[in-house]
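Welcome, and please open the model in your viewer. We will go from stop to stop, with something to select at each one.

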Amino acid sequence: MSWEMLFTFFVLFAAVILFVTDKLRLDLVAIMVMLALGLSGILTPSEMLSGFGSTVVILIAGLFIVGEALAQTGISYAVGDKIVQVAGDQEWKLIVLLMLTVAALASVMSVTGAGAIFIPVAIRLASRSNLSPSRLLMPLAYGALIGGMLTLIGTPPNLIANAQLQNAGMEPFNFFIFTPIGLVILIVAVVYMLVYGRLFLRGQQRPQGATEQGRRTLQGFLEAYDIEDKIVRLRVNEESELVGQTVVSAKLRRRIGLTLFGLEYTSSTTKRLKVTSTQTNRAFKAGDIVFGVMQEPISADVFACIGLELLPMGEEGHHLSARELGMADLIVAPDSKLIGRKISGAGFRTNHSLSVVGLIRKGEALHGNFGNIELKFGDQLLVVGDWENIGKLQTARENFLLLAFPEEIKNYLPRRRLAPVALGILMLMLVLIIFRVVPSVTAVVLAATAMVCAGCVSVNRAYSSINWPSLVLIAGMIPMATALEKTGGLLLIVDQIIALYGDSSPYIMLMFAVFADLCFQPVYVEHGDGGVDCAGCV
């Protein structure tokens, strides 16, 4: 056994240990593996970086963009509404439909993307049906994972195996070759979750304000966070100390517990009354009318001391603000960078042009000046801002998860009219792949490009939708297969398996072949007679 082979095995097992212990980020471990194999001289620079030029990596990136277009055009939310319409409040129906739906979507796009799209849908369904989110999120996770087994493009290992077949000059896999086995596993998983899996999960009370369609209205959000009677409309007087200050420098939340989120003004072009979110760089002017949320009751005298006049909300002002401004329900993610940071320093206003007006912790709405409260995992935040900025939250998944949009967003979604176009592009992509009109990677890149050109997703959102750590992880580990083959490590493993179990049942050999596929990825070995066999199919 050469030192190159020993070193390759050492790097492999070190990577496995780091993956299991989760001491370092997975993508960082993959880069370290790639560098170790390159610096040792086992791989050439081109071999070390070959993963980043892999068609598999490009294909997966394209699928992320296609999935984002489906979310941006409202298709995923429409699917969630349809599930509610069919299943009602019956938990077993929700589990079955959710697992089948997410599996179907995961079969034609990335598993990660499909899961991310349906997380808000599952939480909304759980809230509507008085269930703990875990009772639907766990089936959702299994449905997404198993969905990757249904088609050729469902999961990266399928694509990698297919690419290796083509590189070896062999017939590639059919698009539906994995479907029969995947369907059996999916059915077993659904039955398991219905009969046995639910025994380990607990329930909780449903949030207030849910609509019959399962999505809360703006009023429902206000009631859930207990701030429906704390919204105020104020005019900035000429003698006000706020004149010339910005919403940041005024520090009204710290001083009197008032969070400003809206500005009412008359358009200079149309002469119509409009409402927009408060901008961090805009200075207050005399006569400005602003909307805010009081954390505690404030008397008119307190407002008068700083030059603010309390105005009646009025029906016109109320409906106008509801049309122009939106809300969203967020939850702090377990690996969020916001954990331990105060709300006032979390950057919602500067980074997202949104104002945090409500906080729920452990099911209880917090009151008072919560700007100095340090965020924890699981905290729910109610943010207010322009509908456009609210919509952008769908792609800001690194620090928090979007639980729900209000019902009123149906009246905004600027890309909602492009939903038929997005579906048409998706169907065209599937036809091209199924009938092998063009290679799979070409079809996916074509679909992703068409989504952007048709306006189903903007260029900026297309880039931000790609899960770059996942791509780096895959690209960084692909050279490991090359190193195993180049040093003879893979051939050694295969020969040892054949020597030990060559005369055993084919099922025993299949078990070890699957293990090799999972651990080392499919790599093909050339025999002395010139034949090429898959290490996973020996």
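Two strands count as paired here if DSSP finds at least two bridges between them. Helices (H or I, at least four residues) and strands (E, at least two) are DSSP runs, numbered from the N terminus.

Before we start, note that this is a predicted model: local features need pLDDT of at least 70, side-chain atom pairs count only at pLDDT 80 or more, and totals for chains, interfaces and linings use all residues. Residues are numbered from 1 along each chain as its sequence is written, and side-chain values use heavy atoms, with hydrogens and water left out.

**Stop 1: the whole chain**

Show the cartoon for an overview: the chain has 23 helices and twelve strands. Of its 538 residues, 50% count as buried, where buried means under 20% relative accessible area, exposed over 50% and partly exposed in between (1.4 Å probe, protein chains only). Take contact to mean heavy atoms within 4.5 Å. Among contacts between residues at least 6 apart in sequence, 76% join residues at least 24 apart.

**Stop 2**

Now select residues 355-361, which form strand β7, and residues 380-386, which form β9. These two strands pair in the antiparallel sense over five bridges. In general, strands of a sheet pair through backbone hydrogen bonds, either parallel or antiparallel.

Widen the view to the open sheet of five strands, with the order β8-β7-β9-β6-β10 and antiparallel pairing. Which strands stand at the edges? They are β8 (364-365) and β10 (400-404); each has a single partner strand, so one side of each is left without a neighbour in the sheet.

Follow β7 into β8, its antiparallel partner over two bridges. Here I360 stands opposite A365 of β8. The hairpin of β7 and β8 has two residues between the strands, and K362 takes a positive phi near 55°.

**Stop 3: N389**

Next, select N389 in helix α17 (residues 387-391). The residue is buried, with a relative accessible area of 14%. Leaving aside residues up to four places away in sequence, N389 touches S277, H352, S353 and L354.

**Stop 4: helix α10 and two partners**

Select residues 179-195 for α10 and 91-106 for α6. Their axes (lines fitted to C-alpha atoms, for helices over the stretch in contact, with angles from 0 to 180 degrees between N-to-C directions) come within 10 Å and cross at roughly 155°. The two helices are therefore roughly antiparallel, a term for angles over 145 degrees.

Show side chains for W92, I95, V96, M99, L100 and A103 of α6, and for L186, A189, V190, M193 and L194 of α10, which make the contact. These divide into eleven nonpolar, no polar and no charged residues. Ala, Val, Leu, Ile, Met, Phe, Trp, Tyr, Cys and Pro count as nonpolar, Asp, Glu, Lys and Arg as charged, and the others, Gly among them, as polar.

M138, P139, Y142 and I146 of α8 meet G182, I185, L186, A189 and M193 of α10. This contact divides into eight nonpolar residues, one polar and no charged.

Note on methods: Angles under 35 degrees count as roughly parallel, over 145 as roughly antiparallel, 65 to 115 as roughly perpendicular and the rest as oblique.
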